[in-house]
Amino acid sequence: MMKKVLPLLTLLLLACSCSDEFLNESKGASATVAKPTFSFDSIAAPNVWCQYQSLEEMLEACQIPEDKLKSMSTDELIEVCMSHPLHAIYFAYNNELEGAEIVFKNFNGFAELRRRADAPHKILAFYKDINFNPKAKAVKRKDFTKITYMAILS
């Protein structure tokens, strides 16, 4: 069951990471994790990024060094995966799932996340703490059921 859930959660992680706005709105997940031991800031700086001549070079530059990869907590790894500079290339494919699979296969952070037993729970916790629409009032499950029921009756 977990082998089926993890790729789905990873795809959700990738799909929702299309905007840094989501990361900035996270209440608990990013607030409880110290600054990651790895970031893409120096790699994705415009003056560096423009020097790469191909997608392969960009993908290679975005790999996390093995020593850092193994020492990262799962929470840190999720934060780093959410900030992957090439996460949106899956939109360039005719089939988003095929594109997402290309991203997963070419980034060692996602490969490591798939190996971690606690990743599904940590990813769910990460998403639970994100307020995707900070202007909207949070809807509780019982209120949602009530609203849905009223919509059916009307």
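Which handedness does the crossing of helix 7 and helix 10 have? In this predicted model, local features require pLDDT of at least 70 and side-chain atom pairs pLDDT 80 or more, while totals for chains, interfaces and linings use all residues. Residues are numbered from 1 along each chain as its sequence is written, and side-chain values use heavy atoms, without hydrogens or water.

The crossing of helix 7 and helix 10 is right-handed (the near helix is turned clockwise from the far one by less than a right angle). Thr-74, Asp-75, Ile-78, Glu-79 and Met-82 of helix 7 are in contact (heavy atoms within 4.5 Å) with Ala-119, Lys-122, Ile-123, Phe-126 and Tyr-127 of helix 10.

Among the 29 residues of the largest nonpolar core, Phe-38, Phe-40, Ile-64, Leu-77, Val-80, Phe-107 and Leu-113 touch the most other members. Such a core is a set of buried Ala, Val, Leu, Ile, Met, Phe, Trp, Tyr and Cys residues joined through side-chain atoms within 4.5 Å, where buried means under 20% relative accessible area (1.4 Å probe, protein chains only). Helix 7 gives the most to this core, with five residues. Leaving out residues up to four places away in sequence, Leu-77 touches Ile-64, Leu-69, Met-72, Gly-109, Glu-112, Leu-113 and Arg-116.

Technical notes. Helices (H or I, at least four residues) and strands (E, at least two) are DSSP runs, numbered from the N terminus. Buried means under 20% relative accessible area, exposed over 50%, partly exposed in between (1.4 Å probe, protein chains only).
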